[in-house]
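User: I am new to this structure and would like a quick tour. Please show it to me, then take my questions.

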Amino acid sequence: MASNRKVMVLPGDGIGREVMQANMKIIDWLAKYRSLGFDLSEGLVGGAAYDAHGTPLTDETLADSMSADAVLFGAVGGPQYDDLAFELKPERGLLRLRKEMDLYANLRPAIVFPALVDASSLKPDLVSGLDIMILRELCGGSYFAEPRGIDVREDGSKLGYDTNAYSTPEIERIGRVGFDLARKRNGRLTSVEKSNVMHSGVLWREVMIRLHGEEGEGVELSHMYADNCAMQLVRAPKQFDVIVTDNLFGDLLSDCAAMLTGSLGMLPSASLGDIDPDTGIPAAMYEPVHGSAPDIAGKGLANPLAQFMSFSMMLRYSFGQAEEADLLEQAVSDALAVKRTGDIMTPGCEQTGTDGMTAAVIDAMDR
Ligand code: GGG
């Protein structure tokens, strides 16, 4: 179906390929029953790109991704790549994409679906109705800031180091997204850092306080140390609405939040950059928070729901298709009452694999 919605599809490695294949069935359904088409191109990334081209991301795939309206990403990694030089590791392909596309705002919604209240790591009353948004800064901090490396010292020992640096403009731009998101939700923003022990945290808090005074009208801003935030997430998660934090803390805290929803297989994400003045849409990549899960890859067991919900974020944020996004999210919710993959199983529910879960979602969309 001809379309001006240009999407670059990068399945990656392991279960990334399986959940992306499942996502194609949702895309086919939308074309058939909703006349919603996409102009799809597919590329290699991560270990798959390394195997074919000796690099985890070719310049051509990067250029294709940058010229698309959105990128739909699966997952990368695998133990067979553990001994590769640092710059050749599959994850470097993903990080280069994020950096080159300047996708600095990573939205990670952690929502507990009614059918999954019993699958959460926490007691039902602590998580029932939970809906929080973790906003992770994605292009700075210890994953990118210089200097970084491994040096050999005079005595022959080595020194490995990463710099957790943040500049005022980097904090301002992610802070603005945080205030915006909070305003569109319940008006509460928690800024998370470690200003008690880190200079980057001191500046982070200082900038957030100033920004709140200048642009934060209607938003209640609070501050929390990252270690306390981890504890509060597993103690009383409903106190949070939007959490804004740096690259490293965001990575850790969102995995923690995933277990409140039942499984890492339930967490989608949208990585957004600035809005293009020509198209009016942001540079964007959508990917499940989970990795390539080598332990279950190739067995047809992977939970495809984080991939589907990442796609639904694409429908909503990149293409303004809120109705279809709502339909898909409702179908995910309904399907969970019928069948589950192993990672979110609870007694009395029928266990299925990737194909069965996908079929259950499509059945729910049909109804
Ligand atoms: N779909 C996410 C994925 O493949 N993650 C692999 C990974 O290790 N990513 C590092 C990160 O998210 O910062």
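Analyst: The domain assignment, which comes from an automatic or database source, gives domain 1 (1–109 + 264–367) and domain 2 (121–261). This is a predicted model: local features need pLDDT of at least 70, side-chain atom pairs count only at pLDDT 80 or more, and totals for chains, interfaces and linings use all residues. Residues are numbered from 1 along each chain as its sequence is written.

User: How far apart do the C-alpha centres of domain 1 and domain 2 lie?

Analyst: Domain 1 has two segments, 1–109 and 264–367, and domain 2 is 121–261. Between their C-alpha centres the distance is 24 Å.

User: Which element gives the most to the side of domain 1 that touches domain 2?

Analyst: Contact here means C-beta atoms, placed from the backbone, within 7 Å. By that rule, 16 residues of domain 1 are in contact with 17 residues of domain 2. On the domain 1 side, α4 (90–100) and β4 are the elements giving two or more residues; helices (H or I, at least four residues) and strands (E, at least two) are DSSP runs, numbered from the N terminus. The top contributor, with five residues, is β4.

User: Why does the span of helix α9 agree with its number of residues?

Analyst: Helix α9 covers residues 247–261, which is 15 residues. The expected span is 1.5 Å times one less than the number of residues. That rule gives 21 Å, so the span agrees, because the end C-alpha atoms of α9 are also 21 Å apart.

User: What covers the buried residues of α9?

Analyst: Buried means 20 or more other C-beta atoms within 10 Å of a residue's own; exposed means 12 or fewer, and partly exposed lies in between, with C-beta atoms placed from the backbone. In α9 the buried residues include F249, L253 and L260. The cover over them includes β4 (105–111), α5 (124–127), β5 (131–137), β8 (188–193), α8 (226–235) and β10 (242–245).

User: Which residue follows α9?

Analyst: T261 is among the buried residues of α9. After the helix comes a residue with a positive phi, near 120 degrees: G262.

User: Why does the radius of gyration of the protein agree with a compact globule?

Analyst: The radius is taken over C-alpha atoms, and the globule rule is 2.2 Å times the number of residues to the power 0.38. For 367 residues a compact globule would come near 21 Å, so the protein agrees with its value of 20 Å.

Technical notes. Contact = placed C-beta atoms within 7 Å.
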